[in-house]
Amino acid sequence: MSSILENRPALTAEVEKVAEVAGYLWEKGWAERNGGNITVNITEHVDDAIRAMPAIAPATPIGLTLPNLKGCYFFCKGTNKRMRDLARKPMANGSVIRITDDCAHYEIIADEPVRPTSELPSHLAVHNYLIGKGSNYKASLHTHPIELVAMSHCNKYLEKDVATRLLWSMIPETKAFCPRGLGIIPYQLPGSNILAESTIKELGDYDVTLWEKHGVFAVEEDIMQAFDQVDVLNKSAQIYICAKNMGFEPDGMTDEQMKEMTVAFNLPK
């Protein structure tokens with residue numbers, strides 16, 4: 001059977017981008033075993049032939065009704081699938097799903113009946129929110145960056161914008177490329193609706209949220225940009241921890257220096 005990617009270069013490019021990011025996550029040690037999830041809205045790349053494709057598995061309840069997702073299509077990492085395997089064989093470790101007309105179910109249409117991540121409801125709830133606010137963001141990423149997760153075990157970094165201020169101050173690029181900073185989500189049960197709701201609330205002010213003692217969740221226009229945001233933030237965390245391991249508290253950029261950055265680069269904060 002031919003792949004849904006055959007003769008569809010734009011869709012292929014999106015899936016290959018997911019595979020590339022999945023490889024980076026594994027190489028960085030941010031995706032142990034089957035850890036982490038990726039979901040990308042691919043609706044813009046769907047043609048009439050894809051719309052006519054039958055489901056290859058029974059429709060599955062999402063557990064939520066998400067009206068903004070009617071007729072949407074997503075590429076999703078599979079449940080219990082490893083990022084390192086998604087990097088090598090994306091269509092054997094992920095699937096293309098279609099949201100049904102009732103906006104409460106999804107069905108797998110390609111390439112194999114790989115059941116999507118168990119955290120799919122929370123990812124789809126975020127995508128429903130993004131579409132509802134008119135956002136161009138189409139990619140969501142959940143991963144476990146070591147240094148950022150380590151910082152989430154210290155209460156002082158869980159206070160509003162404390163981690164943001166610290167991470168921005170470590171290197172100018174962090175403020176330039178992550179200008180909305182890092183939202184903080186107190187610990188919630190992984191995959192729970194309350195975790196999704198808390199994340200959505202923070203996404204009004206931030207593109208990346210830190211889930212206490214768990215990982216990060218990022219949204220962006222494509223999956224590579226979502227990865228880049230997390231990568232830049234974690235680099236700052238590495239610089240901070242490296243300085244602490246050398247036995248000193250890093251000075252960081254001053255408030256005046258960061259304000260200068262905000263003005264020079266026309267940043268939102």
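Tutor: Happy to! Buried residues, meaning those under 20% relative accessible area with a 1.4 Å probe and protein chains only, make up 54% of the 269 residues in the protein chain. This is a predicted model, where local features need pLDDT of at least 70 and side-chain atom pairs count only at pLDDT 80 or more, while totals for chains, interfaces and linings use all residues. Residues are numbered from 1 along each chain as its sequence is written, and side-chain values use heavy atoms, leaving out hydrogens and water.

Searching the whole structure turns up 12 salt bridges, each a side-chain nitrogen of Lys or Arg within 4 Å of a carboxyl oxygen of Asp or Glu. One of them joins aspartate 231 to lysine 28, at 3.1 Å from N to O. Aspartate 231 belongs to helix H10 (residues 223-245) and lysine 28 to the loop between helix H1 (9-27) and strand S1 (37-41), so this pair ties together parts 203 residues apart in sequence. Helices (H or I, at least four residues) and strands (E, at least two) are DSSP runs, numbered from the N terminus. Aspartate 231 is partly exposed at 24% relative accessible area, and lysine 28 is partly exposed at 36%; partly exposed lies between buried and exposed, which is over 50%.

Now for a local pair: aspartate 48 and arginine 51 have their closest N and O atoms 3.0 Å apart in a salt bridge. Both lie in helix H2 (residues 48-51), 3 residues apart, about one turn of the helix. Aspartate 48 is exposed at 61%, whereas arginine 51 is partly exposed at 44%.
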